[in-house]
Amino acid sequence: MKRFPILLASLLTAAAPMLAQTEETVPNRLLVTNELGNYTGYVLDRVNDIRFGYVEGEVAAKIDLDGFDLNVLDLSITRTPSCDGFKITVIPGVIANQLTSDLQAISYINYYTSDIYYQDFSGAQLTGLELNPDTEYAVMTVGIDRFGCECDVDKVFFHTDAPEIVGNPHVDAVVDETTLTSFTMTFTPNEDVTAYYCVAGEKGTLQSQYEMFAPMFGFTNFSQMIQQWGLEETQQATKTWTGMSPNTEYEVFVAMLDINGNFAPYEVYEVSTTALGGPGEATVSITLGEYTLTDWWGEMKPSQFITFTPNDQASCFRMGVYRSEVYQESKDDILAELCSDPWMPTANWFFYDTLTTDFQIDPQSSCVALAAAKNINGEWGTVTELFFTTPDAVAEQAAAPAAPSKKIRARLVPTEKRQPGTVPAMRPRLAPVLK
């Protein structure tokens, strides 16, 4: 091991820009930052020296999984020559699949356990588990070297056995009616179903939503998410989903329980809302309204009202308002974001009907309002640009002075609460896309 007491000063000088150092200030903290951006800090007066060590080869505890049930794993653990000790834990596969680096995996291992083992194990058992049937898991270890550093991660995936299902649980589903923004279905369980749950989502999106929500809500398999967010029934029932998007394909997932309370394999049914728009070019007209003082959460501020009107070929549209100089500097990026689809269902990403809303914009501000629409075939039409400059003053300003604002603000468009039988959408956006 080498010691570098003199090197400390040069290291601190290199770190000075990060600390916003000025000629009058001298750093008095040492920050060691890892690749995740997390750092460990030290008061310099308490730092004696900085040392660098060397460890040869991989530091890992290799896993050999021999067998498992819902409570016990049969395995062997073999340390590499440079591995002094290791930690071990089991986490759901849906979480383990999202860990893209050893540091991320180590943080999860440390969350679940602090126990360190300093020997190899052959034919051992990892006990005290409460695993769910028909679920993917990962057993993970992190090797610890002679300096106490947590180093390499080893990971083995396994899938628990599905439970023995009593009978043949099944729920039949029939689409009764569809409209632009709703659909109605009737569900009929057979005699082997004790309870069932129905949840709807845009086609092809529920798997990614499961991966996002599983760590938050503790889901270990897909049926648990259906149960959490779904409509619960025990007998034949007719259900209506409202507030859906026009011209959109949906999937309705049905999870069902047998007489012992075990999940049978879930079932999926497809349904589409009525089409909106046409095959021609979809466009949006933009009209400026009044420029007046309005109440922005307790402050009277100048507002520019704007109306966005899609044509009869539009199936949906997006809009935004930018300062002219910002738009000119980043036009390509702004237009690419405007004419884009969300990576998963997001509230207020698309709009469908004529919308009038206001934007908090100061007097004498040069701006541009943008809008673009997709037709029934999903083809984006020409982007509408409306450049405008707000008036020199608001008529009512003398009576009620307005506090200036450096940024354009948009009125939040009210959004309905999550309706039962759907997975929560991403956080609602502001009505337009603003910069």
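Mentor: Begin with the elements: helices (H or I, at least four residues) and strands (E, at least two) are DSSP runs, numbered from the N terminus. Thr135, for instance, sits in the loop between strand S8 (121-126) and strand S9 (136-144). This is a predicted model, where local features need pLDDT of at least 70 and side-chain atom pairs count only at pLDDT 80 or more, while totals for chains, interfaces and linings use all residues. Residues are numbered from 1 along each chain as its sequence is written, and side-chain values use heavy atoms, with hydrogens and water left out.

Trainee: Is Thr135 buried or exposed?

Mentor: Buried means under 20% relative accessible area, exposed over 50%, partly exposed in between (1.4 Å probe, protein chains only). Thr135 has 1% relative accessibility, so it counts as buried. A contact means heavy atoms within 4.5 Å; beyond four places in sequence, Thr135 touches Phe158, His159, Thr160, Thr220 and Asn221.

Trainee: Why is strand S20 described as largely enclosed?

Mentor: Because eight of the eight residues of S20 (residues 316-323) are buried. One side carries Cys316, Arg318, Gly320 and Tyr322, the other Phe317, Met319, Val321 and Arg323, and all are buried.

Trainee: Which strand pairs with S20?

Mentor: Two strands pair if DSSP finds at least two bridges between them. S20 pairs with S22 (residues 366-374) in the antiparallel sense, over eight bridges; Arg318 is opposite Ala372 in S22.

Trainee: Where is confidence lowest?

Mentor: pLDDT is the predictor's confidence in each residue, from 0 to 100. The lowest mean, 35, belongs to strand S25 (residues 433-434), and the highest, 98, to strand S12 (residues 183-189). Where pLDDT is low, predicted coordinates should not be read in detail.
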